Amino acid sequence: MTCPVTIRIQEDDFDIAREIAVLTKSRTDIGAVVSFSGICRADEDSSKISALTLEHYPGMAEEEIQRHVDEAISRWPLNGVTVIHRVGRFMPGQNIVLVLTASQHRRAAFEAAEFLMDYLKTSAPFWKKEESATGTGWVEAHARDDEAAARWTKS
């Protein structure tokens, strides 16, 4: 059976339970679903965040996500993948991203979800602008995210 893939970039919120139900409906080959949901924080380092705006490069963002999903499918025995990334303006506590990976066994699902999130943080063409009491500014890349993604590089 092929690995069904759903990739969406949207402004609307998502329902995690609904997305898991869609991914697993009528499937008896799935023994594990790992979900990661990214949520807008109220602070970054010592700065309080009042809002976060996410922008993307339409078309390119979906292609980049698909490229990494294809890589995950080639590395792990996955039975389904869902990646939903929101764009727009978010307040602390609101959902931003959802990654679901399904497999017969948990280890593949966990590793694939972590792999996809590491690459979403470093390679997908999304830009973040934070709003705080001290002003508004674009978020720079973090070395910790690059280090996390680097461990997946094949030697």
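Student: In what order do the strands of the open sheet of four strands lie?

Tutor: Two strands pair if DSSP finds at least two bridges between them, and strands (E, at least two residues) are DSSP runs numbered from the N terminus, as are helices (H or I, at least four residues). In this predicted model, local features need pLDDT of at least 70, side-chain atom pairs count only at pLDDT 80 or more, and totals for chains, interfaces and linings use all residues. Residues are numbered from 1 along each chain as its sequence is written, and side-chain values use heavy atoms, leaving out hydrogens and water. Here the order is β7-β5-β9-β10, with antiparallel pairing; β7 (88-90) and β10 (135-138) are the edge strands, each pairing on one side only.

Student: How many bridges join β9 and β10?

Tutor: Four bridges link β9 (residues 126-132) to β10 in the antiparallel sense, and S132 has G135, in β10, as its bridge partner.

Student: Which residues of the largest nonpolar core touch the most other members?

Tutor: In soluble globular proteins, nonpolar side chains tend to be buried together. A nonpolar core is a set of buried (under 20% relative accessible area, 1.4 Å probe, protein chains only) Ala, Val, Leu, Ile, Met, Phe, Trp, Tyr and Cys residues joined through side-chain atoms within 4.5 Å. In the largest, which has 32 residues, they are I65, W76, L120 and F126, and α3 contributes the most, with nine residues.

Student: What does F126 touch?

Tutor: Taking contact as heavy atoms within 4.5 Å, and not counting residues up to four places away in sequence, F126 touches I9, L54, E55, H56, A61, I65, H85 and V87.

Definitions and conventions:
Buried < 20%, exposed > 50% of the residue type's maximum accessible area, 1.4 Å probe, protein only.
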